[in-house]
Amino acid sequence: MKKNWLFLSVLFAFMLILAACNGGGGSGSEKGSETDNTEKSGETEKSGESEATNDSLLPMEVTNEGDAIQGGTLRVGLVTSSPFQGIFNWELYEDAYDSEILAFASNVLFEQDGNFIVTDKGIAKLDVDADAKTATVTIQGDYKWSDGTPLTADDLIFPYELIGHPDYTGVRYDDDFKNIVGAEEYHNGQADTISGITKIDDKSIKIQLKKISPAIYSIGDGLWAYAEPKHQLESIPVKDLLASDAVRKNPVTLGAFKIDKVVNGESVQFVANEHYFKGKPKVDKVVLEVVPPTSIGEALRTGKYDIATSYPTNQYDSIKDLQNIALLGRPELSYSYIGFKLGKYDTTNKLNVFDEKSKMNSIELRQAVAYAMDVEGVAEKFYQGLRERGNSLIPPVFASYYDSTLEGYNYDPEKAKELLDKAGFKDVDGDGIREDKDGKKFSIRLASMAGSETDEAIVEYFRQNWKEVGLDVQLTTGRLIEFNAFYDKVQADDPEIDMYQAAWGTGTNPSPKGLYGEGAEFNFSRYVSPELTKLLDAIDSEEAMDQDTRTKAFRAWQEYMSEKAMVVPTFFRTEIIPVNKRVKNWNASYDNGTTDNLQTIELLADQPIK
């Protein structure tokens, strides 16, 4: 009863403040938001016998019957309170919003099944010789880019040369990429090419790897999933690519649509790609516009959009009874988490450097922070069964590797107090707030993303949770931070951040090396250790080609991460996808994803149904 009363009183008081200030906004984001939207920020990999779990409270497909009109324009709401960055290149983009946009003009080579394993149905097929440690990628037909230029093996090689280039400015040159023979020598300027990548003929390439693991079958081990148009990009210096029109305005694509017009940060208009290998799409155009989370519900009710790329789960009740839309849902390939800053990223050597003297380098302190959070209460009161407390850094959708028996950090303030006492954080002056081990005032600076009124109230509730166990948690900058600015600060290891709330999308590869490895720029906690490296390597080792061995390796890593608590999962998530009833053939399931079948979408009326 006390817990419920505290929750409601904090929430009510904070809502009054927000109403007086006319507060608003929303949340979002492969770097993702800890609130509602997440980025699909991972790599991709074979999960052996792994089967995705697609349990959901909502259906994953809608097939509205009726006679379709010819052509028409699909209207899409990109749900975010921040402008999108507009980096339309798979090697350079970093966040979920650009990923959502890129999906309509994808350059993906491979298709994957519901278990996230590469099939032979895509543009290219994959052949692996585990003994020789090689992967051969072969273009399976005569395909063309959206400008009519044929796709060739040179376009398969070009992304590797881009990521490995000494002037590459993105985040995907990591430990996984270094598994390619010759990648490091090329990146360090010791070679003009990547020696391990060979052009066999105009339609196939061979990649020599240092080791082969199950990750290769879901596009891990350094394998890259996308082609890039060498004929468009090769004349642009790599250091200038990010600002170029070829990336920002008119990228050439292999996808169902091609970009026609861009209003920076606000909207993108696509037109059908007549050269799309699955056939020209049945709709003529797609118009995608940024819409704040606070406005998307009304926009759907009035028929402004056919599709919302996502919908805030804490606003589910406001649209669940609308008659003009169908609600689809699926488990997200993502998790929300709280992370602790424990070091710096060495930009010169591209390595994470752990600092044993960092403020948050106390396992008991980090564990106490986690135990003090009433995650269960927040999930129950705000998310209508669409979120649950996360117990692992492997989402349940990866059924073979997710371990449901892990306890994680349930709400236990008394346990939090015991841990703080043990670590030497005690209330010396009797004001209810603990001092540090030396008896000095102790405050933790929390960075969290700006969101809706509800999201802000949740952050305030967690701050109250921490205060109850004696921890003074103050907001970095004194307020919640806009999405892009938040990640700029976190990625730059801003000294004003001690801990942060965020989210990761795993992509279709559960292998965590790209997020927590020593060379992973996405390893924002900056925690590294020989034991962690050993555990990560075991997951993607040659021995892990044996399914039982790999499952055990995943279990060992999950236990280690839970014990060290440098990153603690908070929520597993179900995403909501609203679809207007004039849309025919929309399928959101992972084994028949929408972006693989955009050419089949049809419209039953000239305008969205109101």
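## Helices α8 and α10

Helix α8 passes helix α10 in a left-handed crossing. This description rests on a predicted model. Helix α8 spans residues 363-371 and helix α10 spans residues 413-423; their axes cross at roughly 165 degrees and come within 8 Å. Because angles over 145 degrees count as roughly antiparallel, α8 is roughly antiparallel to α10.

On the α8 side, the contact is formed by E364, L365, Q367, A368 and Y371. Their partners in α10 are P413, K415, A416, L419, L420, K422 and A423. By residue class, this contact of α8 with α10 comprises eight nonpolar residues, one polar residue and three charged residues.

## Helices α9 and α11

The crossing of α9 past α11 is right-handed.

In α9, the residues in contact are V375, V378 and F382. These meet T454, I458, Y461 and F462 of α11. The contact of α9 with α11 divides into six nonpolar residues and one polar residue, with no charged residue.

## Summary of the two pairs

The handedness of crossing is left-handed for α8 and α10, whereas it is right-handed for α9 and α11. Charged residues number three in the contact of α8 with α10, while the contact of α9 with α11 has no charged residue.

Note on methods: Residues numbered from 1 in each chain as written. Predicted model: local features only at pLDDT ≥ 70, side-chain atom pairs only at ≥ 80, totals over all residues. Heavy atoms only, no water. Left-handed = near helix turned anticlockwise from the far one by under 90°. Helix = DSSP H or I, 4+ residues; strand = E, 2+ residues; numbered from the N terminus. Contact = heavy atoms within 4.5 Å. Nonpolar A, V, L, I, M, F, W, Y, C, P; charged D, E, K, R; others polar. Axes fitted to C-alpha atoms, helices over the stretch in contact; angles between N-to-C directions. Parallel < 35°, antiparallel > 145°, perpendicular 65-115°, else oblique.
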